[in-house]
Amino acid sequence: MNRIYFDNAATTPIDPEVKKVMTETMDLFGNPSSIHQEGRQAKTIVEKARKTIANLLGVSPGEIIFTGSGTESDNMAIRCSVEDLGVKHIISSKIEHHAVLHSLDYCASHGIRISYVDLLPNGHVDMAHLEKLLQTSTEKTLVSLMHANNEIGNLLDIETTGNLCKTYNAYFHCDTVQTIGHIPIEIKKSNIHFLTASGHKFNGPKGIGFIFIDENATIKPLIHGGAQERNMRGGTENIYGIAGIAKALEIAYAQMDEQHNHIKGIKDYMISSLLENFEGIKFNGDYNGASSYTVLNVAFPPALSTDMILFNLDIEGISASGGSACTSGSDQGSHVLRELPISDGFVSVRFSFGKYNTKEEVDFLVSKLKEICTPVEAKA
């Protein structure tokens, strides 16, 4: 049985061209810090990848630092802002990824003031409240807000956010893990000081990410131990992952318009199919407005039997999620959905889409959901 994968917000299948580049790179075993030929060959791969990513994003190669993950990149942006830029106040939201929220907890335990911006009923950031928080802040401030929420898909207006930060002399960190390679981002125009990304979210390898650090935001390394990454991250570089993430982003940008149309078509088709087949079904977040075309968070009504829905879908060969994969082992439920006005008794499932999904897969999913989610009266 060929499985159907609707959990691309958790991770994406690696592109065959990316795998090919990484495999070829594995023949070069040198340490990029070595001065001999093998080392120089490895160093060339790292710097070529850095230049590729910088060119795609419209920034300087010196502003791209490779990391081990999006989580590490988020930690670096937040903690180094506090330690090196004198940030005493951080503004964020309660529906950020835990890579950000747990970093905020750490900073709070070390005397940093944390403010959480209000959310509108549809899950969007209340821009008026964000401006009020910035306007009344008397300390050096960092705003840390994600571009697209990984559970409900809501998109932040990063240009407006960046302009507010510029107006009130605040730093701006944007977690773009869910959008890099899917949505074009004008970093300089949006006044972003720190942008974070992870390769496995755009059909690249796991274990590799990067952070954009604006040339005017001078910070020190989060990880010490060597002069790698232009003295910004100690540790021998993962040259295979670095080659892979650059190739993945190159492919993503080349295919961006085509894949946007294809994947958005899959999402729209699922929305219409679900509405046609399930009475009372709802969608969390601003699903048909300012929303990522890769994420759809579906709320099944209490009138339908949804016991063990994810388990039953898995048995049928369909992968989906109840929320972030990083918290799937927890029984606390979604911290994102807890902040939204969701009706009692609804059970939410996140479906997230990638370039390999098809409408035929949506048809199969809906047919299985009709078998699994039967009316409660029918089961009684």
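Predicted model: local features only at pLDDT ≥ 70, side-chain atom pairs only at ≥ 80, totals over all residues.
1. Burial is used throughout this note in the following sense: a residue is buried under 20% relative accessible area, exposed over 50% and partly exposed in between, with a 1.4 Å probe and protein chains only.

2. Residues are numbered from 1 along each chain as its sequence is written, and side-chain values use heavy atoms, with hydrogens and water left out.

3. Overall form. The protein chain contains 12 helices and 12 strands; these are DSSP runs numbered from the N terminus, helices being H or I of at least four residues and strands E of at least two. Its radius of gyration is 21 Å, which agrees with the value near 21 Å for a compact globule of 380 residues; the radius is taken over C-alpha atoms, and the globule rule is 2.2 Å times the number of residues to the power 0.38. Along the principal axes, the C-alpha atoms fill a box of roughly 70 × 55 × 35 Å. Of the 380 residues, 55% count as buried. Among contacts (heavy atoms within 4.5 Å) with a separation of 6 or more, 74% come from residues 24 or more positions apart.

4. The seven-stranded sheet. An open sheet of 7 strands has the order β2-β8-β7-β6-β5-β3-β4, with mixed pairing; two strands pair if DSSP finds at least two bridges between them. At the edges stand β2 (64-67) and β4 (113-116), each with a single partner strand, so one side of each is left without a neighbour in the sheet. Neighbouring strands are turned by 20 degrees against each other on average, direction ignored. Within this sheet, β3 (residues 89-92) and β5 (residues 141-144) pair in the parallel sense over 3 bridges, and Ile91 stands opposite Val143 in β5.

5. Helices on that sheet. Helix α2 (residues 37-57) lies across β2 and β8 (209-213), running at about 120 degrees to β2. Helix α6 (residues 158-167) lies across β5 and β6 (171-175), at about 155 degrees to β6. For such angles, axes are lines fitted to C-alpha atoms, for helices over the stretch in contact, and the angles run from 0 to 180 degrees between N-to-C directions.

6. The three-stranded sheet. Here 3 strands form an open sheet in the order β9-β10-β12, and the pairing is antiparallel. The twist averages 35 degrees from one strand to the next. Strand β10 is joined to β9 by 3 bridges and to β12 by 6 bridges. Asn284 stands opposite Asn297 in β10, and Val295 opposite Ser352 in β12. Helix α9 lies across β9, β10 and β12, running at about 10 degrees to β10.

7. How enclosed is strand β10 by the rest of the structure? It is largely enclosed, because 6 of its 6 residues are buried. In a regular strand the side chains alternate between the two faces of the sheet. Both faces of β10 are covered: Val295, Asn297 and Ala299 are buried on one side, and Leu296, Val298 and Phe300 on the other.

8. Aromatic pairs. Rings of Phe, Tyr and Trp (its six-membered ring) pair if their centres lie within 6.5 Å; planes under 30 degrees apart count as stacked, over 60 as edge-to-face and the rest as tilted. The count by this rule is 4 aromatic pairs. One of them joins Phe6 and Phe353 edge-to-face, at 5.7 Å centre to centre and 80 degrees between the planes. This pair links distant parts of the chain, 347 residues apart: Phe6 lies in the loop between β1 (4-5) and α1 (16-25), and Phe353 in the loop between β12 (347-352) and α11 (359-372). Both Phe6 and Phe353 are buried. The rings of Phe278 and Phe300 are also edge-to-face, because their centres are 6.2 Å apart and their planes at 85 degrees. Phe278, in the loop between α9 (256-277) and β9 (282-284), and Phe300, in strand β10 (residues 295-300), are 22 residues apart. Phe6, Phe351 and Phe353 form one aromatic cluster.

9. Charges over rings. A charge sits over a ring if NZ of Lys or CZ of Arg is within 6 Å of the ring centre and within 35 degrees of the ring normal. The charged end of Arg79 is placed in this way over the ring of Tyr106, 4.3 Å from its centre. The charged end of Lys359 sits over the ring of Tyr269, at 5.4 Å from the centre.
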